[in-house]
Amino acid sequence: MDEVYRLNDEGLEDLELLAKIGGQDREALSTLYDRYGRRVFALAVRILNDPVGSEEVTQDVFMSVWRRGATYTREKGKFTTWLFSIAHNRTIDELRKRRRDRSRQNDDIEDHYDLKSSDISPADAAVAQSEYAKILAAMEDLPVEQKTVVELSYFKGLTQTEIAEKTGQPLGTVKTRMRLALKKLRKALSAEMGAQV
Amino acid sequence: MTDSRDTTASNDDMDPRFENLAGYVLGALENDNERDLVEALIESDSEAHAEFSALAEAADMLAMAVPPVAPPAHLKTAIMEMAGKESDPTPVRSTAEIAPVPSPTPLWPAILRSGFATSAVAAVLVIVVAGVLGYQNNQLGNEIESLRAELTAESAVVSSIQNELLATVSESENKVASMKTEMETMETEFGDTTEMVVHQEEMVSELAIVNAALQQALADQSWLNYVAMREEYQVASWLKSTQPNPAKTVVDASGLIAIRYVGNEAVFQAHGLAQPQPSYAYTLWLLGNGAPQPVAQFEVSEIGAATVPFLLPAPFQLYSSVAVTQERVDGVGNDPTGTMVLSADTN
């Protein structure tokens with residue numbers, strides 16, 4: 001008697017899911033969405049402060065994964081790095097477009113953390129809170145000048161030149177501070193979060 | 001623990017090639033051109049690739065550290081539906097749908113194993129195929145007939161259009177021929193009119209000459225009056241034209257000679273003379289007192305008038321006649337040889 005069984009995709013690694021996505025397997029996309037959809041959506045909300053716009057961005061990001069998943073290789077870095085790079089770039093593009101249109105204004109960076117996340121499980125919330133606390137701690141340890149350039153670029157979508165103009169720093173100094181800030185963050189967090197990331 | 005001091009100045013040992021890597025990772029480059037340059041560097045330079053990986057992991061942590069927020073449930077539905085539209089139409093069953101399903105027993109092999117069944121199926125197939133072909137043939141025939149009818153109708157329309165065009169062309173040609181005739185008539189009339197205008201211009205010109213001559217005659221009359229009043233001159237001779245004027249468009253040439261009472265001064269006046277031939281000039285002769293004596297050679301004005309003072313070689317009454325001839329300008333002979341235009345007796 002011929003019987004067909006399928007493995008549950010939830011047990012697959014990210015790269016295995018991507019391989020299946022390359023074969024037009026929607027179940028794999030569904031699993032990947034369940035795994036990272038909340039983080040992508042959260043990043044978009046964090047930057048845009050607009051849940052509706054963040055839905056559009058999240059949809060675009062996962063459709064991009066659906067279309068380009070087969071092109072991903074390990075040489076491009078960690079999968080999460082690749083995924084969040086897509087998410088961040090798409091979100092920043094949207095933010096800059098809105099800034100150009102001047103149709104909407106974003107609040108200061110601190111206001112974003114007030115967003116409710118009622119659908120998060122207590123366990124996830126605890127983990128997130130822990131990770132968030134660690135990144136906040138690492139950010140707090142950065143010199144204020146370096147923290148500023150990271151916040152203005154990654155979360156506010158300003159370019160290097162715009163940051164230089166806004167802060168009155170030379171462009172070269174802005175570039176150097178960006179690099180030093182990222183290196184310090186990686187050094188501070190990789191030891192504590194590396195296993196989870 | 002991390003060092004909270006900003007060591008930008010002291011640690012500014014960044015390889016210039018890598019200056020935009022952090023900006024690339026943070027999405028802070030200015031434009032696509034800068035991004036393309038960085039991506040090309042990462043692909044071609046292993047050190048740049050390693051630096052990029054390290055920086056990208058840090059940015060990765062920034063994203064991972066944002067507290068997760070559950071998106072609305074309809075978002076996943078929308079994404080899956082969109083993916084379904086773009087994917088292979090074959091549906092993918094979810095894990096929940098996966099349940100062992102017994103395979104149905106195939107019926108076709110049993111049927112095909114029966115020879116009768118095979119023949120029956122073949123016969124049915126032949127009938128079906130023939131029917132289909134017959135139906136298709138009939139359909140094609142109908143379509144061809146329909147197309148023929150349409151073609152006939154189109155041909156009639158084309159023929160009608162051709163006839164209309166021919167009629168239009170013929171009518172246009174007739175109009176062109178008629179216009180040509182009218183133009184030729186107008187050209188002829190214009191030629192006649194032009195000729196008339198030229199003739200009238202010539203008449204005007206001749207009348208102008210006559211008018212000028214009459215004006216001159218009036219002037220001569222005035223001169224005679226003057227001479228008479230002064231009583232120092234008297235008209236000694238009237239000269240008349242010796243040649244008829246066939247055109248009669250100008251007054252006949254004439255002349256007079258007035259002499260002073262005292263002394264030998266005299267004046268010859270003429271009008272109505274034509275312009276002399278080239279290299280010739282008019283010459284006034286006194287005749288009848290021995291050899292002919294040329295006393296003056298003169299030119300005439302545009303209207304043929306001349307007033308010429310001269311000295312009498314002898315008392316005027318000793319001469320029997322006077323005359324005006326055309327003689328060569330480069331030398332006058334002893335006798336008049338040219339055409340005589342004016343003459344008169346002195347008595």
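The following legends describe close-up views of a predicted model.

Local features are reported only at pLDDT of at least 70 and side-chain atom pairs only at pLDDT 80 or more, whereas totals for chains, interfaces and linings use all residues. Residues are numbered from 1 along each chain as its sequence is written, and chains are lettered from A and ligands numbered from 1 in the order in which they are written.

View 1. Helices (H or I, at least four residues) and strands (E, at least two) are DSSP runs, numbered from the N terminus. Two packed helices are described by the angle between their axes and the distance between the axes. Axes are lines fitted to C-alpha atoms, for helices over the stretch in contact, and angles run from 0 to 180 degrees between N-to-C directions. The axes of H2(A) (residues 26–48) and H3(A) (residues 51–68) come within 9 Å and cross at roughly 140 degrees. That angle makes H2(A) oblique to H3(A); angles under 35 degrees count as roughly parallel, over 145 as roughly antiparallel, 65 to 115 as roughly perpendicular and the rest as oblique. The crossing of H2(A) with H3(A) is right-handed, a term that applies if the near helix is turned clockwise from the far one by less than a right angle, anticlockwise being left-handed. Residues of H2(A) in this contact include Leu29(A), Tyr33(A), Gly37(A) and Phe41(A), and those of H3(A) include Pro51(A), Val57(A), Val61(A) and Trp66(A). Here two residues are in contact if their C-beta atoms, placed from the backbone, lie within 7 Å. The residues of the contact of H2(A) with H3(A) comprise 14 nonpolar, 4 polar and no charged. Ala, Val, Leu, Ile, Met, Phe, Trp, Tyr, Cys and Pro count as nonpolar, Asp, Glu, Lys and Arg as charged, and the others, Gly among them, as polar.

View 2. The crossing of H2(A) and H4(A) is right-handed. On H2(A), the residues in contact are Tyr36(A), Val40(A), Leu43(A), Ala44(A), Ile47(A) and Leu48(A); their counterparts on H4(A) include Phe84(A), Ala87(A), His88(A) and Glu94(A). The contact of H2(A) with H4(A) divides into 10 nonpolar, 2 polar and 1 charged. Ala87(A), located in H4(A), is buried, with 26 other C-beta atoms within 10 Å. A residue is buried if 20 or more other C-beta atoms lie within 10 Å of its own, exposed if 12 or fewer, and partly exposed in between, with C-beta atoms placed from the backbone. Although Ala87(A) and Val40(A) are 47 residues apart along the chain, their C-alpha atoms are separated by 6.3 Å. Leaving aside neighbours within four places in sequence, Ala87(A) is in contact with Val40(A), Leu43(A), Ala44(A), Val61(A) and, from chain B, Ala63(B).

**View 3. Helix H3 of chain A against helix H4 of chain B.** H3(A) packs with H4(B) (residues 73–86) at about 35 degrees, with the axes 10 Å apart, in a right-handed crossing. Glu55(A), Thr58(A), Gln59(A), Phe62(A), Met63(A) and Trp66(A) meet Leu75(B), Ala78(B), Ile79(B), Met82(B) and Ala83(B).

**View 4. The loop residue Leu158(A).** Leu158(A) lies in the loop between H6(A) (144–155) and H7(A) (160–167). Leu158(A) is buried, with 25 other C-beta atoms within 10 Å. Arg96(A), 62 residues away in sequence, is 8.3 Å from Leu158(A), C-alpha to C-alpha. Not counting residues up to four places away in sequence, the contacts of Leu158(A) are Leu152(A), Ser153(A), Ile163(A), Lys166(A) and Ala28(B).

**View 5. The antiparallel sheet of chain B.** Chain B has 6 helices and 8 strands. An open sheet of 8 strands has the order E5-E4-E7-E8-E1-E2-E3-E6 in chain B, with antiparallel pairing; two strands pair if DSSP finds at least two bridges between them. E5(B) (293–298) and E6(B) (306–311) stand at the edges with a single partner strand each, so one side of each is left without a neighbour in the sheet. The twist averages 25 degrees from one strand to the next. E1(B) (residues 233–241) pairs with E2(B) (residues 254–260) over 7 bridges, with Gln234(B) opposite Ile259(B). E1(B) is joined to E8(B) (residues 340–345) by 2 bridges, and Ser241(B) has Leu342(B) as its bridge partner. E3(B) (residues 265–271) and E6(B) pair over 6 bridges, and Gln269(B) stands opposite Thr307(B).
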